[in-house]
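Here is a short note for a colleague opening this model for the first time. Please keep the sequence and the 3D view at hand while reading.

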Amino acid sequence: MTNSVRKVAAAAAVAVLGAALAACGGGAGAPDAGREARMGTPAASGSASASASASASAAGSPAASPQAGAPAKPPTMAPGPNGLTPVFERAKQQTDKTVALTFDADMTSDQGPRAAGGEHFDNPALISALRTLKVPSTIFMTGRWAEEYPDQAKSIGTDPNFEIANHSYSHHAFTSPCYGLPVLDTAAARADVDRAFAAFRQAGAVNTVPYFRFPGGCYDDQSLRALSTAGVTAVQWDVVSGDAFAKDPVAVAEQVIAGVKPGSVVVMHCTRSAAPVTEEAVRRIVPELRKRGYRFVKVSELIGK
């Protein structure tokens with residue numbers, strides 16, 4: 001990969017991520033860099049949650065209850081200072097060549113009419129490819145997605161190759177600004193997370209884990225405090241795939257391959273309409289990273305290290 005290609009891919013990834021996050025919420029808006037929210041990036045260094053240490057204790061959320069086919073006690077991180085929800089972005093043990101591919105199954109609470117009109121927020125071919133390639137993966141699913149595609153949510157959530165994590169119910173923002181997404185207040189934020197877990201149970205998914213990804217990747221201490229009683233670990237990422245709205249799977253694959261380091265978390269999407277080339281990109285990413293000695297794991301294995 002030439003330097004010029006890498007520069008173009010990196011620039012495209014940054015631009016595309018902002019567009020993707022806005023599209024997921026049905027809105028458009030640029031974040032205000034002067035505000036405290038951390039948007040679409042790993043937790044800021046020096047934040048109250050960034051120094052939380054790893055712990056093997058299970059979360060008290062509905063998703064953490066022992067269920068057939070799921071880990072009895074998925075590892076979580078200890079609460080941060082003042083009990084704030086901890087934030088995980090990359091494995092601390094960075095010598096083991098492991099990497100977690102994560103996929104956001106995005107659908108907002110008001111996108112039902114678009115789905116009824118034929119827009120595909122699912123991506124069965126991607127899930128099939130992950131199975132064929134035998135890639136353990138973590139799917140960050142919204143509750144609204146699980147309601148729209150209950151059979152797929154159950155299939156993913158009963159397959160030991162996958163684990164389902166919480167991406168909220170509505171895909172509304174937990175702080176502002178956040179790419180134009182509608183914003184939930186503190187009470188609504190906690191209820192939104194609980195509602196998503198309930199949607200997974202209703203669909204019959206059992207391989208659920210007590211992890212949460214903020215819509216848009218946007219959070220601040222207030223939103224971490226709002227979820228402090230939910231028993232979840234917030235999961236960010238350190239590698240942006242740039243798959244949202246991308247048309248070139250080669251560029252997406254190169255962006256991921258160039259960015260992965262031992263212990264990385266890669267953010268991708270499981271939404272055909274917003275990320276149409278993800279499956280093809282994954283088919284390029286997986287063999288190349290395996291050739292380089294990487295092993296694919298779920299987020300739960302990274303957190304457990």
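The numbered points below go from the whole chain to single residues.

1. **Ground rules.** This is a predicted model, in which local features need pLDDT of at least 70, side-chain atom pairs count only at pLDDT 80 or more, and totals for chains, interfaces and linings use all residues. Residues are numbered from 1 along each chain as its sequence is written, and side-chain values use heavy atoms, with hydrogens and water left out.

2. **The whole chain.** The chain holds ten helices and eleven strands; helices (H or I, at least four residues) and strands (E, at least two) are DSSP runs, numbered from the N terminus. Of its 305 residues, 54% count as buried, where buried means under 20% relative accessible area, exposed means over 50%, and partly exposed lies in between (1.4 Å probe, protein chains only). A contact means heavy atoms within 4.5 Å. Among contacts between residues at least 6 apart in sequence, 81% join residues at least 24 apart.

3. **Strand β4.** Which residues lie on each side of β4? Thr98, Ala100, Thr102 and Asp104 are on one side, with Val99, Leu101, Phe103 and Ala105 on the other, and both faces are covered.

4. **The neighbours of β4.** Two strands pair if DSSP finds at least two bridges between them. Strand β10 (residues 264-269) runs parallel to β4 and is joined to it by six bridges; here Phe103 has Met268 as its bridge partner.

5. **Helix α5.** In α5 (residues 150-157), the buried residues are Ala153, Ile156 and Gly157. Seen down the helix axis, these buried residues fall within an arc of 90 degrees, so they line one face of α5; the arc is that of the directions from the helix axis to the C-beta atoms. What covers them includes α3 (124-132), β5 (137-141), α4 (143-148), β6 (162-166) and α6.

6. **Ser241.** Next, find Ser241 in the loop between β9 (239-240) and α8 (249-259). Is Ser241 buried or exposed? At 1% relative accessibility, Ser241 counts as buried. Its side chain makes a polar contact with the side chain of Asp243 (3.0 Å), and a polar atom of the Ser241 side chain lies 2.9 Å from the backbone oxygen of Val267. A polar contact is a pair of N or O atoms within 3.5 Å; within protein, one must be able to donate a hydrogen and the other to accept it, and residues adjacent in sequence count only if both atoms are side-chain atoms. Leaving aside residues up to four places away in sequence, Ser241 touches Val252, Gln255, Val256, Val266, Val267 and Met268.

7. **Aromatic pairs.** How many aromatic pairs does a search of the whole structure find? There are six aromatic pairs. The ring centres of Trp145 and Tyr149 are 5.0 Å apart with their planes at 55 degrees, so this pair is tilted. Rings of Phe, Tyr and Trp (its six-membered ring) pair if their centres lie within 6.5 Å; planes under 30 degrees apart count as stacked, over 60 as edge-to-face and the rest as tilted. Trp145 is buried at 0% relative accessible area, and Tyr149 counts as buried at 11%.

8. Phe174 lies in the loop between β6 and α6 and Phe212 in β7 (residues 208-212), so the pair ties together parts that are 38 residues apart in sequence. Phe174 is buried, at 7% relative accessible area, and Phe212 is buried at 0%. Together with Phe214 and Tyr219, Phe174 and Phe212 form one aromatic cluster.

9. **Charges over rings.** The charged end of Arg195 sits over the ring of Tyr169, 3.8 Å from its centre. The charged end of Arg213 sits over the ring of Phe140, 4.0 Å from its centre. A charge sits over a ring if NZ of Lys or CZ of Arg is within 6 Å of the ring centre and within 35 degrees of the ring normal.
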